[in-house]
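This report goes through some features of one protein chain. Please look at the sequence and the model first.

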Amino acid sequence: MNKENDELVYKYYSDESKYAFDNLKNEYISFSSLGMLNDPLEGYGAYMSHDISHDELIEHDDVNKSEEQKEAEREALENVGNMFSEWDKNYESFACRVFCASNEYDNCLLWSYYANSHKGFCVGYRKKDIEKITNSEMFDVQYNKRVYFVDTKNIVKNDQYNFDELKKSLSVKSELWRHEDECRAIYRLNKDEIATYQPSRYYDDIVESSEMIFATFNFREKMCSKKYILKACRPAVIYLGMKMLDEEKIKNLREIAYYKNIDIFKMKQKSKSYGIEKGSSLNPQRV
């Protein structure tokens, strides 16, 4: 059973997803490409050129400049930012995958959004197990009115893409998402997870697939990688939604919990409250 001192993070799943049941049974979690996440502004930052400081970007107007000069500067700054933003997001989407979870298992809105209106289930995973997969710490998302500012000189470090900068850009989201209390882990693809093809053979050997990401970063080669990367991670606890009524699905989840020796509960309404909490255990008695 789950140890009380283990720090857990929680992933919500729809009961209509076969992949969710299979991954739980086989002890996998899925790291997704940025393009698969539900916020189209994931990883977005305001990009500054090398010679422009943060303060200058915010307040670069000069009383001695004409309006035409100011407008030209603003347009140049925007063009530089858009260029790096597009390149950066393309690279992030190709070379990295993200596991998104919440610090809460009793978030009523998340049950509604991601667990099929409380008919799905939520799984707790040990944070330390996920960190072993990524070889880096999970981090909490910060919510802000303003985007994260990225200095373009920090994107490449020692001729390598700077993943610390990626982590920073993925750790800030609009405050509109604050209710999700999200935490994340970033997985960097290794060479075995990226296929490289010469352009002359690319379209002969590769069929466009909804499961793959295709990219070109130079004129000599094209690459592809899977949109979803599965990694082994043992579940620690299972919660069933208040509205999960399908007896067959409940039976399957209880069997998974039994054979993996983990706790399973069904959510219920808190007394005299709009909140929810875990109900009594659904674990069958062991003989």
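## Salt bridges

A salt bridge is a side-chain nitrogen of Lys or Arg within 4 Å of a carboxyl oxygen of Asp or Glu. The structure holds 11 of them. This is a predicted model, in which local features need pLDDT of at least 70 and side-chain atom pairs count only at pLDDT 80 or more, while totals for chains, interfaces and linings use all residues. Residues are numbered from 1 along each chain as its sequence is written, and side-chain values use heavy atoms, with hydrogens and water left out.

Glutamate 27 takes part in a salt bridge with arginine 234, where the closest N and O atoms are 3.2 Å apart. This pair links distant parts of the chain, 207 residues apart: arginine 234 lies in the loop between strand E16 (228–232) and strand E17 (235–240), and glutamate 27 in the loop between helix H1 (18–25) and strand E2 (28–32). Helices (H or I, at least four residues) and strands (E, at least two) are DSSP runs, numbered from the N terminus. Glutamate 27 also meets the side chain of lysine 260 in a salt bridge, at 3.1 Å from N to O. Here too the partners come from distant parts of the chain, since lysine 260 is in helix H8, 233 residues from glutamate 27.

## Buried and exposed charges

Buried means under 20% relative accessible area, exposed over 50%, and partly exposed in between (1.4 Å probe, protein chains only). Arginine 234 counts as partly exposed because its relative accessibility is 33%. Glutamate 27, at 22%, is also partly exposed. Lysine 260 has a relative accessible area of 13%, so it is buried.

Is the pair of glutamate 182 and lysine 173 buried or exposed? Both residues are buried. They form a salt bridge, with the closest N and O atoms 3.7 Å apart. A network of salt bridges links Asp39, Lys173, Glu182 and Arg184.

Lysine 132 belongs to helix H5 (residues 127–134). Its relative accessible area is 66%, so lysine 132 is exposed. Lysine 132 and cysteine 233 are 101 residues apart in sequence, yet their C-alpha atoms are 9.5 Å apart in space.

Why is E17 described as largely enclosed by the rest of the structure? The reason is that 6 of the 6 residues of E17 are buried.

Two strands pair if DSSP finds at least two bridges between them. Strand E5 (residues 121–126) pairs with E17 in the antiparallel sense over 5 bridges, and cysteine 122 stands opposite tyrosine 239 in E17. Strand E18 (residues 263–269) pairs with E17 in the parallel sense over 4 bridges. The bridge partner of valine 237 in E18 is aspartate 263.

## Strand E14

In strand E14 (residues 212–215) the side chains alternate. E14 pairs with strand E15 (residues 222–226) in the antiparallel sense over 4 bridges. In that pairing, phenylalanine 214 stands opposite cysteine 224 in E15.

## Glutamate 247

Glutamate 247 is found in helix H8 (residues 247–260). With a relative accessibility of 59%, glutamate 247 counts as exposed.
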